[in-house]
Amino acid sequence: MAATTESVKADAAEAPLLNKRNLIFAVAIYCVFYAWVRWYEGVYGWSAGLDSFAPEFETYWMNFLYIEFVLEVSTAGILWGYLWKSRDRKVMSITPREELRRHFHHWVWLVAYGVAIYFGASYFTEQDGTWHQTIVRDTDFTPSHVIEFYLSYPVYIITGGGAFLYAKTRLPTYQQGNSIQYMVATVGPFMILPNVGLNEWGHTFWFMEELFVAPLHYGFVFFGWSALGVLGVVGIEVAAIAKLLKKDLA
């Protein structure tokens, strides 16, 4: 039994610090999922998404919206709940190498968050402006909005929340208080979602070009750029990893 325990510890010590399969899977799952979403939009956006009063709009887009709401709330509850429930209650006593491994796994979360932010706050957001410059909206729930506001934004919010909870519950670096950098990088982009309400209210009363320089869209720009707070998180990570590498190599 003692020999078995020692061998398990040895295997754990020799395990790679960065699990490349997790990293590749994290990036691939977003790319594949959004490729399918873009295909769906391309097929049913023009054929069933131009008239919100048509029966096919209810079939292909409103039902899509309802499914999104259910899956997003369920995913957030399960993922965040699991990360909190399975938190390490003795996180301050882990070994330097285990802490280093967790930091590298945290980077997988940060990369996933970056990819999710790109699709939500860049790709589909820019596409939405193009859509509404081409097609006059007759409802707040256009095909572009169903994907942008109610799918891609919640996806990056869920991912960012997961990254924050992982760091908070498993890394000693983030145990004292809350990192301002992390709060800016996650809460800022989250605030784009409630800003959607202001945007839709404004478009109900005013006709304007879908340009980010329009005053109604300033909130999107401000909160979107707050994602750059992740560079502050990277600074924390670099300092923590450098410190742990000195301990591990000593």
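Student: What volume does the largest pocket have?

Tutor: Rolling a probe the size of a water molecule over the atoms shows where empty space is left. The largest pocket here has a volume of about 750 Å³ (a pocket is an open set of points on a 1 Å grid over the protein atoms alone, with protein on both sides within 12 Å along at least five of seven lines; points are joined across faces, edges and corners, and the volume is the space filled by probe spheres set on them). This is a predicted model, where local features need pLDDT of at least 70 and side-chain atom pairs count only at pLDDT 80 or more, while totals for chains, interfaces and linings use all residues. Residues are numbered from 1 along each chain as its sequence is written, and side-chain values use heavy atoms, with hydrogens and water left out.

Student: Which residues lie closest to the centre of the largest pocket?

Tutor: Lining residues have an atom within 4 Å of a point. The largest pocket has 23 of them, and Ile29, Tyr30, Thr75, Val155 and Thr159 are the closest to its centre.

Student: Which helix gives the most to that lining?

Tutor: Helices are DSSP runs (H or I, at least four residues; strands are E, at least two), numbered from the N terminus. α2 gives the most, with eight residues. At least two lining residues come from each of α2 (20-48), α3 (55-85), α4 (96-134) and α5 (143-170).

Student: How many residues of this lining are nonpolar, polar or charged?

Tutor: There are 17 nonpolar, four polar and two charged (Ala, Val, Leu, Ile, Met, Phe, Trp, Tyr, Cys and Pro count as nonpolar, Asp, Glu, Lys and Arg as charged, and the others, Gly among them, as polar).

Student: How many cavities of 30 Å³ or more does the structure hold?

Tutor: In a cavity, a 1.4 Å probe fits but cannot get out. The structure holds two of 30 Å³ or more. The largest cavity has a volume of about 50 Å³. Its lining has 13 residues, and those closest to the centre are Gly49, Leu50, Ile135, Asp138 and Thr142. By class, this lining has seven nonpolar, four polar and two charged residues.

Student: What lines the second largest cavity?

Tutor: The second largest cavity holds about 40 Å³ of space. Its lining includes Phe164, Lys168, Tyr174 and Asn178. α5 supplies the largest share of that lining, three residues. The classes are four nonpolar, three polar and one charged.
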